[in-house]
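Good morning, colleagues. I would like to take a few minutes to go through the aromatic contacts and some backbone details of one model.

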Amino acid sequence: MNMEQIEAFIFVALTGSFSKTAELLYLSQPTVSMRIKAMETSMGCKLFQRTGHTISLTKEGDLFLPYAKNILHMLQEGQQAIQRSYGDVEGELVISTVFVAAFYILPDLVEQFQKLYPKIKLTILTGHSHQVLEMVLNHEVTFGIAREVTHPQINRIQLMSDDMVLAIYPEHSFASRHQVSIEEVARERLILFNRGSLDWKLISSAFSHHQLQNNVVMEVDNIEVVKRMVKQKLGIAFLPRFSIQKDLSEGELLEVTVHNLPQINRNFELIYLKDTPLHGIMRTFIDFLMQSKVLQT
């Protein structure tokens, strides 16, 4: 018995036709018949039975089919593992992601991924977390990157977590201090990013807990705009730390600890439909993410 015979057996079982199998495998019909005959001889039993023009599996054939599929699947997995080691995997992968991840995380990830797998085309769609989830549920994308969403039909893999921190401009009065109180922050001009998000709800709850009214002077739905406003000294803002890493390293923004504000930590997760077989390009992408230095910093 060999792999060509097993492949022919699976295709005949799925199509119920020797001629259709021959067409799909680019073989002649006699060649398909010969492979099935050789396989039956090797196994010592009939795998198919003919009733008029209908071909169906025998009891033995039906029993062997899941094992045959597993054999072929394992062979393909082994071939793809070798291809991945040489960066020869090719195809297309469609993913959806929240805007923040698309702007601050994906560029470095995609650069690394395409260096390793130049033959894989990535299509990236963006949206808010609930939209990313909908795209996964509607089979519009294979994977989604979202902020802590739950649904009975999806699996989740944590990619990275990040803190919300207070970002100020270098000339601000807080700049010379390691810590400030939430009471002091409440008196400052705050630029609000993403009202309605869990991040902001947690921060707002902390102000309410201390019976403080925050001084929001501006609301903006784009982190880059918020950062520009802070640099222009129009106010200070709570932002995800990873979104200001470059600004911090270049001294354009500073991070200040608010000592009586609870740490606000949010996860970015890879989501996909349950029962999705993770092989081929999908397995390649997950393995890459798990080993990526971008997500480990």
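Let me begin with a term: a residue counts as buried when its relative accessible area is under 20%. Phe-288, at 8%, is therefore buried. Please bear in mind that the model is predicted.

Phe-113 belongs to helix α6, residues 106–116, and Phe-288 to helix α12, so the contact ties together parts that are 175 residues apart in sequence. Phe-113 is likewise buried, with a relative accessible area of 1%. Both residues belong to one aromatic cluster, in which Tyr-117, Phe-143, Tyr-272 and Phe-285 also take part.

A further pair is formed by Phe-242 and Phe-268: their centres lie 5.4 Å apart with planes at 70°, so it too is edge-to-face. Phe-242 sits in the loop between β10 and α11, and Phe-268 in strand β12, so this pair ties together parts 26 residues apart in sequence. Both of these residues are buried.

Rings also meet charges here: the charged end of Arg-50 sits over the ring of Phe-18, 4.9 Å from its centre.

Finally, the backbone. Most residues other than glycine have a negative phi. Lys-233, however, has a positive phi of about 65°; it is found in the loop between α10 and β10. Asp-275 has a positive phi of about 70° and lies in the loop between β12 and α12. Lys-233 is partly exposed at 46% relative accessibility, whereas Asp-275 is exposed at 78%.

Methods: Residues numbered from 1 in each chain as written. Predicted model: local features only at pLDDT ≥ 70, side-chain atom pairs only at ≥ 80, totals over all residues. Heavy atoms only, no water. Helix = DSSP H or I, 4+ residues; strand = E, 2+ residues; numbered from the N terminus. Buried < 20%, exposed > 50% of the residue type's maximum accessible area, 1.4 Å probe, protein only. Phe/Tyr/Trp six-rings, centres within 6.5 Å; stacked < 30°, edge-to-face > 60°. Lys NZ or Arg CZ within 6 Å of the ring centre and 35° of its normal.
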